[in-house]
Amino acid sequence: MEVESEKSGPNGKVWSFCSMPFWQTTHASSSSSSISSSVHSVHQQSQILQSLDRSTHQPSSTVSSVAKSLLPTRRRLRLDPPNKLYFPYEPGKQVRSAIAIKNTCKSHVAFKFQTTVPKSCYMRPPGGIIAPGESIIATVFKFVEPPENNEKPIDQKSRVKFKIMSLKVKGEMDYVPELFEEQRDQVAVEQILHVVFLDPELPSPALDKLKRQLAEAEAALEARKKPPEETGPRIAGEGLVIDEWKERRERYLARQQVEGVDSM
């Protein structure tokens, strides 16, 4: 049953308000909810289609960069030791560590050292270019600060770190540190190396290996200092040539003297 009421508005017009039965109210509310749900679903589908359309037209470089970020970083260099630098603990002295670096990829690779304590250490070489399959042994020099407040050597482990970075380059070229600034997008961090101190008086496999690597590094350095062997004629002294040529010359002059004597 509908109840009608009349009220007079400010302009003298009559506004009619009708109260709807319960079942009609429920039906209208349900219909409104259904329509709202349908509109929301259509809106979601439209957003999905727009997103797919945008991804379809994105440059391939963007998709490639996302794919690369999901892949694990491939190492270009093999390090030995892989993640530590061992130093003999001798407070107040400059000590040495060594690390073998091998190029494991098919192209030339430039490498570079960085450290958190540049004032107390340096690397030899600080950087360079390694051919495919080539190995070198780099030497790291560090001044060991005397302990303070009964500080133990192991306490310094987390404060001193080294970083080795790599960069692929095109063939043989002269190494310059600016390569890493010019192509910073292609630079990869190979490893963060932590410093570990060893007791020089206590024999250990790590200390023995360090001594071997340091000896190999010194031998390689001495070999680089030697002048290259000459492939031309061997010089016996200032203004002289090899003995065989000298002997032939002397025989020729002697023969000329004999022939001159016979002709007289």
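## Starting from Ile99

Leaving out residues up to four places away in sequence, Ile99 touches Leu79, Asp80, Pro81, Leu85, Phe113, Ile136, Ile137, Ala138, Ile164, Leu193 and Gln213. That list is a handy way into this structure, which is a predicted model. Ile99 is also among the residues with the most contacts inside the largest nonpolar core, along with Phe87, Ile101, Phe113, Phe162, Ile164 and Leu193. That core has 24 residues. Strands 3, 4, 5, 6 (108-115), 7, 9, 10 (161-169) and 11 each supply at least two of its residues.

Apart from this core lies another, made of six residues, including Ala110, Met165, Leu167 and Phe180. As a general point, nonpolar side chains in soluble globular proteins tend to be buried together.

## The chain as a whole

Stepping back, the chain's secondary structure comes to five helices and eleven strands. Of its 264 residues, 23% are buried. Take the contacts with a separation of 6 or more: 69% of them are between residues 24 or more positions apart.

Helix 4 runs over residues 205-225, so to speak a 21-residue element. From first C-alpha to last, helix 4 reaches 31 Å, close to the 30 Å expected at 1.5 Å a residue. Which residues of helix 4 are buried? They are Leu207, Leu210, Gln213, Leu214, Ala217 and Leu221. Looking down the axis of helix 4, these buried residues fall within an arc of 125°, so they line one face of the helix.

What does the buried side of helix 4 pack against? Its buried residues pack against strand 3 (77-80), strand 4, strand 5, strand 7 (121-124), strand 9 (135-143) and strand 11. On the face turned away from the buried side, helix 4 carries the exposed residues Pro205, Lys211 and Arg212.

Ala217 lies in helix 4 and is buried, with a relative accessible area of 7%. Setting aside neighbours within four places in sequence, Ala217 is in contact with Ile137 and Thr139. Ala217 and Ile99 are 118 residues apart in sequence, yet their C-alpha atoms are 9.4 Å apart in space.

Ser97 sits in strand 5. Is Ser97 buried or exposed? Ser97 is buried, with a relative accessible area of 1%. A polar atom of the Ser97 side chain lies 2.7 Å from the backbone oxygen of Tyr86. Beyond four places in sequence, Ser97 touches Leu85, Tyr86, Phe87, Ala138, Thr139, Val140, Leu210 and Leu214. Of these, Leu210 and Leu214 are among the buried residues of helix 4.

## Aromatic pairs

How many aromatic pairs are there? The count comes to three. One of them joins Tyr89 and Phe197 edge-to-face, at 5.3 Å centre to centre with 70° between the planes. This pair links distant parts of the chain: Tyr89 is in the loop between strand 4 (84-88) and strand 5 (94-103), while Phe197 is in strand 11 (residues 188-198), 108 residues apart. Tyr89 and Phe197 are both buried.

Phe111 and Phe113 form another edge-to-face pair, with 6.3 Å between centres and 85° between the planes.

Not counting residues up to four places away in sequence, Thr115 touches Cys121, Lys161 and Phe162.

## Cis prolines

Where are the cis peptide bonds? One runs from Asp80 to Pro81, with omega near 0°. Pro81 has its place in the loop between strand 3 and strand 4, and both Asp80 and Pro81 are touched by Ile99.

Another cis peptide bond runs from Arg124 to Pro125, with omega near -5°. Pro125 is found in the loop between strand 7 and strand 8 (127-130).

Note on methods
Residues numbered from 1 in each chain as written. Predicted model: local features only at pLDDT ≥ 70, side-chain atom pairs only at ≥ 80, totals over all residues. Heavy atoms only, no water. Phe/Tyr/Trp six-rings, centres within 6.5 Å; stacked < 30°, edge-to-face > 60°. Helix = DSSP H or I, 4+ residues; strand = E, 2+ residues; numbered from the N terminus. Buried < 20%, exposed > 50% of the residue type's maximum accessible area, 1.4 Å probe, protein only. Expected span 1.5 Å × (residues − 1). Arc of directions from axis to C-beta. Contact = heavy atoms within 4.5 Å. Core = buried A, V, L, I, M, F, W, Y, C linked by side-chain atoms within 4.5 Å. Polar contact = N/O pair within 3.5 Å; in protein donor to acceptor, adjacent residues only side chain to side chain.
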